[in-house]
Amino acid sequence: MIASVRGTVTATGPDQAVIEVGGVGLAVHCAPGTLAELRVGQVARLATSLIVREDSLTLYGFADDDAKSLFELLQTASGVGPRLAQAVLAVHTPDAVRKAIANADTAALTRVPGIGKKGAERLVLELRDRIGPVPIGADGAGGVTGGNWPDQVRQALVGLGWTAGQADQAVAAVAETIEGDTPPVPVLLKQAIRLLGRTR
């Protein structure tokens with residue numbers, strides 16, 4: 001089990017980064033909020049979860065151990081695989097996920113692409129007693145904003161299953177709502193997903 005990696009970031013893409021550890025480049029799948037904090041050429045440490053399948057070994061990376069633990073917990077619910085668990089963490093922070101499950105807030109959970117009303121109810125039913133303490137005031141805000149947030153949000157939306165055209169429209173709509181300081185990328189991504197959810 002690869003519990004974490006620490007090394008130089010050699011490349012980033014829409015849904016993964018390459019971290020060089022001991023001369024070996026490891027492809028690590030990350031949510032947009034985590035990718036937004038990585039800089040090529042700088043040293044980074046990611047908590048990781050290795051998913052073993054018959055035909056693949058896939059490494060998922062997280063900004064901290066809390067997100068990694070929640071990623072692994074989400075997969076214990078029926079019908080939730082690693083891609084869907086990561087999509088949950090792309091839309092919500094770990095604290096916001098805990099709050100949504102603890103409060104049976106299915107509306108928040110259905111904002112995640114791939115989770116419908118029944119899926120959200122199943123998550124609440126199966127994980128409510130195992131989700132852990134819920135911080136007061138957990139609202140899902142977090143992360144940092146890179147200067148190229150439109151690209152990061154666009155790439156994340158395409159990675160989550162929307163077309164490039166839909167992603168461009170959502171990014172343009174979100175850009176019009178920004179006044180003053182630009183919010184963190186995860187917050188902007190949530191806004192874009194909310195807008196696209198209305199058009200589905």
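**Reading contacts, burial and helix packing**

Q: Which residues does Leu127 touch, not counting residues up to four places away in sequence?
A: Contact means heavy atoms within 4.5 Å, and by that rule Leu127 touches Leu73, Leu74, Thr76, Ala77 and Ile101, with residues up to four places away in sequence not counted. This is a predicted model, in which local features need pLDDT of at least 70 and side-chain atom pairs count only at pLDDT 80 or more, while totals for chains, interfaces and linings use all residues. Residues are numbered from 1 along each chain as its sequence is written, and side-chain values use heavy atoms, with hydrogens and water left out.

Q: Where is Leu127 found, and is Leu127 buried or exposed?
A: Helices (H or I, at least four residues) and strands (E, at least two) are DSSP runs, numbered from the N terminus, and Leu127 is found in helix α6, which covers residues 117-127. Buried means under 20% relative accessible area, exposed over 50%, and partly exposed in between, with a 1.4 Å probe and protein chains only. Leu127 is buried because its relative accessible area is 0%.

Q: How many residues apart in sequence are Leu127 and Leu73, and where is Leu73 found?
A: Leu127 and Leu73 are 54 residues apart in sequence, yet in space they are 8.1 Å apart, C-alpha to C-alpha. Leu73 is found in helix α2, and at 16% relative accessibility Leu73 counts as buried. With neighbours within four places in sequence left aside, Leu73 is in contact with Leu127, Arg130 and Ile131; Leu73 and Ile131 are 58 residues apart in sequence and 8.0 Å apart in space, C-alpha to C-alpha.

Q: What angle describes how helix α2 and helix α4 pack?
A: Two packed helices are described by the angle between their axes and the distance between the axes. Axes are lines fitted to C-alpha atoms, for helices over the stretch in contact, and angles run from 0 to 180 degrees between N-to-C directions. Here helix α2 (residues 65-74) and helix α4 (residues 94-102) pack at an angle of about 40 degrees, and their axes are 9 Å apart. That makes α2 oblique to α4, since angles under 35 degrees count as roughly parallel, over 145 as roughly antiparallel, 65 to 115 as roughly perpendicular and the rest as oblique.

Q: Which residues of α2 and α4 meet?
A: From α2, Asp66, Ala67, Leu70 and Leu74 meet Pro94, Asp95, Val97, Arg98 and Ile101 of α4. By class, this contact has six nonpolar, no polar and three charged residues, where Ala, Val, Leu, Ile, Met, Phe, Trp, Tyr, Cys and Pro count as nonpolar, Asp, Glu, Lys and Arg as charged, and the others, Gly among them, as polar.

Q: What is the phi of Ala104, and where does Ala104 lie?
A: Ala104 is not a glycine, although its phi is positive, at about 55 degrees. Ala104 lies in the loop between α4 and α5 (106-109), and with a relative accessible area of 34% Ala104 is partly exposed.

Q: What pLDDT does the protein chain average?
A: pLDDT is the predictor's confidence in each residue, from 0 to 100, and the protein chain averages 85, with 90% of the residues scoring at least 70. Over residues 137-146 the pLDDT is below 50, and this stretch has 29 contacts in the model beyond near neighbours in sequence. Where pLDDT is low, the predicted coordinates should not be read in detail.
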